[in-house]
Amino acid sequence: MKLVIVESPAKAKTISRFLGKGYKVMASYGHIRDLPSSASEIPASVKAKPWARLAVDTENGFTPVYVVPKESKARIAELKQALKEADEVVLATDEDREGESISWHLLETLKPKVPVKRIAFHEITQSAIDEALANPRQVDNDLVRAQESRRVLDRLFGYELSPVLWKKVAPKLSAGRVQSVAVRLVVEREEERKAFRTASYWSVEAQLAAGGIEFIASLAEWDGKRPATGKDFDSATGALKDDLKTAAEVKHLLEADAAHLVDALRAGLPWRVTRVEQKKSTQRPWPPFITSTLQQAASSLLNMSPRKTMQVAQSLYEGVDLGGGEREGVITYMRTDSLTLSEKALSEAGRVIQKIFGDSYYAGPRRYTTKSKNAQEAHEAIRPTHLDRTPDQIASYLDEDQLALYRLIWNRTIASQMADAVLLKTTADIEARADGKTVVLRANGSVVSFPGYLRVADSAQRDTELPHLEEGQRVVASGAEARGDVALKELQSNPHRTQPPARYTEASLVQRLEEEGIGRPSTYAPTVTIIQNRGYVERRGKALVSTFLAVAVIQLLRKHFEEYVDLGFTARMEDALDDISNGKQNWVDFLSGFYHGEGRFGHGLVPQIKRELPNMDFPAISIGQDPDTGQSMVVRVGRSSPFIQRGDGGPENTATIPNDVTYEELDVEKALELLRHKERSSEALGNDPETGQPIFALLGPYGPYVQLGEKGDTNKKPKRASLPKGMTLDQIDLPKAIRLLSLPRELGTHPERGEAVLAAVGRFGPFVKCGDEFRSLESGDDVYTITRERALELLAQPKKSRRMTKTVLATLGADPATQKPIELCDGRYGPFVTNGEVNASLPKRANPAACTLEQALELLAASAKKPAKPKKKPSAKRRTK
């Protein structure tokens, strides 16, 4: 028997289908050993060593100390037991560096005495598996060493710099080689926005019509100068850029200028068309996806986070059931920075394009050049394993997310081999006179004359058609035109304001990291996730916003460890790791240079910490000065939340910063407002008539709220209630506060359960509850007046899911046992039946219109018998980079 070991059970299940009876496929569930994750895991044999907390021998060749985590011990025992019956071991982990490292750890731990082969493949199909088995190799020690160097490097960086942050910023913070640079990018974008000064300018445009087609012509030139646009203003001052070229070529239109020009242009009618130019242009397709571009496209087009994108891509790679128990991977390996497509894929793409679209749409084979200097995370771009397998053909076998991502990948791969799109672009200049000066308005049109790859592009090309225009043609007021004239329907001026640079999204941050050469395909999604999980970055909509904690950390790191959070330095470290994987760089020399300060990898992290730590102050983020007292205004990071401090601080000179206030928004005026709010909140609104305790209106990290009584030793958790959305502290008075504090209201006891029935307001609005049963209030219900009877009526209704909406297609009848209606519905994952408590999906090929009550009852009975879903098993790749 040949023992084949892969990372995940899903991959094992798919591969098993392609191998004969002489193979046994088992999963390692990712890494089976790692550096200790806690002090309790450090082996007793090294606990006395000065480097024990690192679990890396920094005195003797940076040898890592690996341990087997508890969750892997049972798996290793199973693998060893299977090994006893094996006559050969086949290591079939992923083909990237981490996959190579997993194979090496398996060898080191299992120590097989039978022959060992290493196989790699970039797609899980019969042909790929057969080819890999026919061409085995040994574990690539250079790739392993590169991955282990990365692991040790990240350990040294995090375990040496993080304690600095604990001492000087806040406990339990973390620094990371890639993570800290990513946080720096987000913080510096927030700093750019804070420093940005808005400028206003105006434009003029004419709405014209000719030949039944309406179009727009915009002001392009006035007295030899073009009107200023956003790019002409200095972001630091809000004024026009101070250079001779801008002064000579650009005119800044203010509101009065634009209004005067509109009047003068109307008075100067008729105008004349003076130039019409048409030219063809071609638009080339994008290359096929690599990891970073797939994450960016999925974010913008499918609203998927990088992490979600990789989870869905992993499921498509590891295999889906294509009917009849036939499980197969439908895309190639998804962690790659290579744009290469195999000759087989290129040939297949050509046949598919010619068959579906015709010969004129095929311009291949197109071969794209990979930008990365060391694109060896995988050997191909991300593509479908079979390009003749269209999204529609396998739609019934995929869930909604899988289908959306597969369609995106299929479209991009096919588009990359299609002909260029051909566009016909038209430019028309219209000349007028205003105050004796020449004014030019310009109209632009673009029409797709041959769509080419746009037939399957991710976004459609919109036509902006111009009518047939000729030089000398007149432009006259609408209603006064003769045959062949262009009619002026409307002439107006429009205001504009320059905008600060957009905040990063998850996708654009990945793009920036890739552009700077920071991280690799396997690290992008974990990096974006970890900086959010650790409180450095928050998502607001799609935008990533740095917290005050992140600003404090980055300001400290830039001041004292600039080199280690420098984009160029971090990119050079990635290049060195690439060199290790190619056998061009000694890994011990590299780590020694980074850690001790030898060679070209910096001044040494440890010497730098020893030099800088005594000189560090607790970080204070400067906001400005109080205009009345001249005292400094700073932000400090507190135990639970950041706060404003004026001067030396004290109760009257500190105030909590609400979570919804960003670093960009916080200026001296806002800081003083927070201090004034706190000063006012020390005075009670009045006393509660029932308890006699004072009621206060306060502002905390989560926004404004009212509080019953003062917090102290005898009242450690006073009753609080948040203000409703839209209500400010200035609007709250004693009656409103008493009303808010009356919640939750106890309405009585449930007649069957004997538990209290309550009415309250929560994250999703007002609700009633009894025990662990919750129901939202409906339109017309008032949380302050709802009765026990109405609450019982709501609690008796079936629970409605907030996570998805359903459309009821039909009511099939009543359940004979309960008399509850059995409904046929359409939901996020397709048609299903429900009795209000249990849902059951229809079989993938079933026709919903043919579903009967009897079939629905059978499906519901089978669904009710299914055991509860087990807890998720560890990720196939346990380690976070």
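Visitor: How many cavities of 30 Å³ or more does a search of the whole structure find?

Guide: This is a predicted model, and a search of the whole of it finds four cavities of 30 Å³ or more.

Visitor: How much space lies in the second largest cavity, and which residues line it?

Guide: The second largest cavity holds about 40 Å³ of space. Its lining is made of V4, I15, L19, A92, I119, F121, I129 and L133. By class, this lining divides into eight nonpolar residues, no polar ones and no charged ones.

Visitor: Let us turn to strands. How do strands of a sheet pair?

Guide: Strands of a sheet are paired through backbone hydrogen bonds, and the pairing is either parallel or antiparallel. In this structure, seven strands form a closed barrel in the order β7-β8-β15-β14-β11-β16-β17, and the pairing is mixed. From one strand to the next, the twist averages 40°.

Visitor: Where may I study a hairpin?

Guide: Please look at β21 and β22, which form a hairpin with four residues between them. Strand β21 covers residues 632-637 and is joined to β22 by five bridges in an antiparallel arrangement. The bridge partner of M633 is R646 in β22.

Visitor: With which strand does β22 pair over three bridges?

Guide: That strand is β23, residues 654-656, and the pairing is antiparallel. Q645 stands opposite T654 in β23. Strand β22, residues 642-646, is mostly covered, with four of its five residues buried.

Visitor: How should I read a helix such as α3?

Guide: An α-helix has 3.6 residues a turn, so residues three or four places apart point the same way. Helix α3, residues 97-110, has 14 residues and reaches 20 Å from its first C-alpha to its last, close to the 20 Å expected at 1.5 Å a residue.

Visitor: Is α3 mostly covered or mostly exposed?

Guide: Helix α3 is mostly covered, since 12 of its 14 residues are buried. Among the buried residues are R97, E98, W104 and H105.

Visitor: Where are F62 and D223 placed?

Guide: F62 is in the loop between β3 (56-57) and β4 (63-64). D223 is in the loop between β8 (213-222) and β9 (226-227).

Visitor: Why does F62 count as buried, and why does D223 count as partly exposed?

Guide: F62 counts as buried because its relative accessibility is 2%, and buried means under 20%. D223 counts as partly exposed because its relative accessibility is 47%.

Definitions and conventions:
Residues numbered from 1 in each chain as written. Predicted model: local features only at pLDDT ≥ 70, side-chain atom pairs only at ≥ 80, totals over all residues. Heavy atoms only, no water. 1 Å grid on protein atoms, 1.4 Å probe; cavity = no way out; pocket = protein on both sides within 12 Å on 5 of 7 lines; lining within 4 Å. Points joined across faces, edges and corners; volume = space filled by probe spheres on them. Nonpolar A, V, L, I, M, F, W, Y, C, P; charged D, E, K, R; others polar. Pairing = 2+ DSSP bridges. Helix = DSSP H or I, 4+ residues; strand = E, 2+ residues; numbered from the N terminus. Axes fitted to C-alpha atoms, helices over the stretch in contact; angles between N-to-C directions. Buried < 20%, exposed > 50% of the residue type's maximum accessible area, 1.4 Å probe, protein only. Expected span 1.5 Å × (residues − 1).
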